[in-house]
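Please read them alongside the sequence and the coordinates.

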Amino acid sequence: MQSKHYRIAILFVFLTSFIILRKNRAIVFYRAVAFIAALESIWCILQYLGKIPSENASFEVTGSFTNPNVVAMYLALSLPALLCLCFTTSVLFLKIMHYLMLLTVCVGLVLLECRTAILGGAFSSGLFLIFRFNILKRYKIKYVLFGILAIGILCIPIARQLYFDKKDSADGRKLIWTITSQMILDSPVRGYGTGMFEKEYNLKQAKAIQEGKLNKKELKNASFVLMAYNDYLEQAAEGGIPATLLFIAMLISFLSQSTKNNGLVLEKHDKEHSKVHYAAYAGFASFTLMAIFNFTIEAIPVMLLFCCYAGILCTNTNQKKIVELNIAPSRFKALLLILICITVYITYSQLNQAKAHRQNKKAQEFLMAGNFEKAENLLLPLRETQQNSVSFCIIYGNLLYARHKYEEALFQFNCAKKFSANPQLYDISARCLFKLKDKTGAISNLYQLTTLSPKTMKYKFNLMQVLRTDKQIKLARMIAQQIVAMQPIKRNELTEKYQKEAKLFLKSCQNNTANSI
């Protein structure tokens, strides 16, 4: 449901930008985009220098988000806007400021170390410069192709280095794309439903692990996944191939029509205005490229900027237009008022959702502090409206578990499993089933848990211990061997303990076998 609301919201962002960002207003918008990008870049630089803490312990530089990819892709899309300002500003002071902002954004982009964003930023900048200097018309096509080929060859060692710098990440995405492609083939028309990728993908991957379909290299890179890191594949998995074809058709319609209308060849009286559209076109095209390698749609700042670029492309002033919009001032105001009313309504509904999320978070804090009564007072009013919320079900289920209401807690976790395959759900479900004396169900959840998160040694260790107490020694030995063979990403006291216990168990099994002989 939240995913559907998000898609409706971005539609209205596009419609609003289509109406508002007309003529010289786009330049004002570009200034806002550039200002935000510069602030984010300064934030990144300060994080790199150690003046501001990172938002994520796993990354040195993240910007104001926990995931550095979000900020990096926004910076990549802001580059055409900055370049447009650099070329259109005639005031010397402002021109210097814009060039300093451009340099700052480039530094921030490098510090964030997002390969997708670096590729997208280079592509959008290059495309804008090709349009701005009319390179395709100024030089013969063979020279242009030769230049592109030369640049491509020079980029090969850079691409190779980027691959080896994050080889495990690249190989992990390759596995994600392989399994996602299989999901699409399994349900090519209907898909699995909007917002259901996380659940369906992880269950599909877990099944492949159980059936031994992954080789050693793939198994090493398998982990719990939230997104496909390819928006085209994710759209196809959720909505089927028809949904992806519609999405691609929409992108092509903007790009092809804008090329015809803005033209790469322009009349002299339209040249200055068309520089604005060059930036929007380059940013739009960069988005379509980055969508192949990352989660552009779910990155809210990136998607909002994409929608605004699309709105600017629709406001082209040349003779041919993507959409004809001849509206009288009075009707224009009425249309704008209707859009504002609808936007306010959507915003109001989202504010209610936001309020519920805040109550969820506060309840979790009370729960962690052991104040069960206050947590329950916050959660009980949300049962009817938030029963389809995974986070609510997890928090409320944990509260019920803490109060020894295991059957009711299990019901909440099973509700959450309808929409998510989060390993946490299977872990706590197994504990509930143990409390309810259902060992078979508990072991089943633990098996599923180890395939959903195969790199987590703790889950395998817990399964080994349960199998030992249930006298399933043969299966326990198999899990113990897996624990001993694991190479944890970060070794600590717990991983050392788990492997030591597994070795001791295997040794005791060998001694028992020798004694029996």
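1. How many residues does helix H4 have, and what span does H4 reach from its first C-alpha to its last? Helix H4 (residues 92-112) has 21 residues and reaches 30 Å, close to the 30 Å expected at 1.5 Å a residue, where the expected span is 1.5 Å times one less than the number of residues. Helices (H or I, at least four residues) and strands (E, at least two) are DSSP runs numbered from the N terminus.

2. On provenance, this is a predicted model, in which local features need pLDDT of at least 70 and side-chain atom pairs count only at pLDDT 80 or more, while totals for chains, interfaces and linings use all residues. Residues are numbered from 1 along each chain as its sequence is written, and side-chain values use heavy atoms, with hydrogens and water left out.

3. The chain has 22 helices and 0 strands, and buried residues make up 43% of its 517 residues, buried meaning under 20% relative accessible area, exposed over 50% and partly exposed in between (1.4 Å probe, protein chains only). Among contacts (heavy atoms within 4.5 Å) between residues at least 6 apart in sequence, 69% join residues at least 24 apart.

4. Returning to H4, its buried residues are His98, Met101, Leu102, Val105, Gly108, Leu109, Leu111 and Leu112, and what covers them includes helix H2 (25-48), helix H3 (68-88) and helix H5 (115-132). Just after H4, Glu113 takes a positive phi of about 55°.

5. A nonpolar core is here a set of buried Ala, Val, Leu, Ile, Met, Phe, Trp, Tyr and Cys residues joined through side-chain atoms within 4.5 Å. In the largest such core, of 68 residues, Tyr30, Leu75, Phe284, Tyr309 and Ile312 touch the most other members. The elements that give two or more residues to this core are H2, H3, H4, H5, helix H11 (231-262), helix H12 (271-290) and helix H13 (300-313), and H3 gives the most, with 15 residues. A second, separate core of 51 residues includes Leu410, Ala416, Tyr426 and Leu446.

6. Leaving aside residues up to four places away in sequence, Tyr309 touches Tyr30, Leu77, Ser78, Ala81, Ala279, Ala280, Gly283 and Phe284.

7. A search of the whole structure finds 0 disulfides, a disulfide being a pair of cysteine sulfur atoms within 2.5 Å. Cys393 is in no disulfide, and the nearest cysteine sulfur, that of Cys415, is 5.2 Å away. Cys393 counts as buried because its relative accessibility is 0%, and Cys44 is likewise buried, with a relative accessible area of 0%.
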